[in-house]
Amino acid sequence: THGVQSPYADADIEYERDTVYQDESYKLAVALLNGNIEHAKNYPAEVSDQMYGTDSVRFADHCPSVSIRENRRNEEMSQGWSPHWHQPTDNYETYAELDYEFGFDIVRMITA
């Protein structure tokens with residue numbers, strides 16, 4: 001099994017600017033960033049203000065909202081770094097322990 005984890009993997013915490021809840025969404029993003037700093041073991045996080053290609057955009061004008069993922073959809077995922085994205089090979093057996101450890105760091109960040 002080989003991992004597909006980018007050597008530059010990080011947790012991207014995205015919120016949408018120019019929305020009703022922009023300020024509150026930013027504060028939520030920063031709280032999650034602080035949770036990452038304190039509790040995540042292996043992967044850093046960063047905040048950006050362009051929530052793109054995610055279902056969370058629908059909520060941006062109704063409540064504070066963020067999207068958390070292993071990469072920025074527009075800048076990284078659409079550039080093809082993950083050969084399994086939306087492919088039949090996107091399944092458990094394809095990934096290595098390192099890939100799953102990333103998910104555990106996200107859980108540590110959120111539950112902090």
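Me: The expected span of a helix is 1.5 Å times one less than its number of residues, so what should the 15 residues of α2 span, and how far apart are its end C-alpha atoms?

Reply: The 15 residues of α2 should span 21 Å, and the end C-alpha atoms are 21 Å apart, which agrees. Helices here are DSSP runs of H or I with at least four residues, strands are runs of E with at least two, and both are numbered from the N terminus. This is a predicted model, in which local features need pLDDT of at least 70 and side-chain atom pairs count only at pLDDT 80 or more, while totals for chains, interfaces and linings use all residues. Residues are numbered from 1 along each chain as its sequence is written, and side-chain values use heavy atoms, with hydrogens and water left out.

Me: OK, and which residues in α2 are buried?

Reply: Asp 99, Glu 101, Phe 102, Asp 105, Ile 106 and Met 109 are buried in α2 (under 20% relative accessible area, with exposed over 50% and partly exposed in between, for a 1.4 Å probe and protein chains only). Seen down the axis of α2, the buried residues fall within an arc of 160°, taken over the directions from the helix axis to the C-beta atoms, so they line one face of the helix. On the other side of α2, Glu 97 and Thr 111 are exposed.

Me: What do the buried residues of α2 pack against?

Reply: They pack against β1, α1, β2 and β3, where contact means heavy atoms within 4.5 Å.

Me: Switching to the sheet, in what order do the strands come?

Reply: The order is β2-β1-β3, in an open sheet of three strands with mixed pairing (two strands pair if DSSP finds at least two bridges between them). Since β2 (45-48) and β3 (67-69) stand at the edges with a single partner strand each, one side of each is left without a neighbour in the sheet.

Me: And in which sense do β1 and β2 pair?

Reply: Strand β1, residues 11-14, pairs with β2 in the parallel sense over four bridges, and Ala 11 of the chain stands opposite Ala 45 in β2.

Me: How many aromatic pairs are there?

Reply: The count comes to four, taking rings of Phe, Tyr and Trp (its six-membered ring) whose centres lie within 6.5 Å, with planes under 30 degrees apart counted as stacked, over 60 as edge-to-face and the rest as tilted. One of them is Tyr 15 with Tyr 26, which is edge-to-face at 5.6 Å centre to centre and 65° between the planes. That pair links Tyr 15, in the loop between β1 and α1, to Tyr 26 in helix α1, 11 residues apart.

Me: Is Tyr 15 buried or exposed, and what about Tyr 26?

Reply: Tyr 15 counts as buried at 9% relative accessibility, whereas Tyr 26 is partly exposed, with a relative accessible area of 41%. In a further pair, the ring centres of Tyr 43 and Phe 102 are 4.9 Å apart and the planes stand at 75°, so the pair is edge-to-face. Tyr 43 lies in the loop between α1 and β2 and Phe 102 in helix α2 (residues 97-111), so parts 59 residues apart in sequence are tied together. Tyr 43 is buried at 11%, and Phe 102 counts as buried at 7%.

Key
The expected span of a helix is 1.5 Å times one less than its number of residues.
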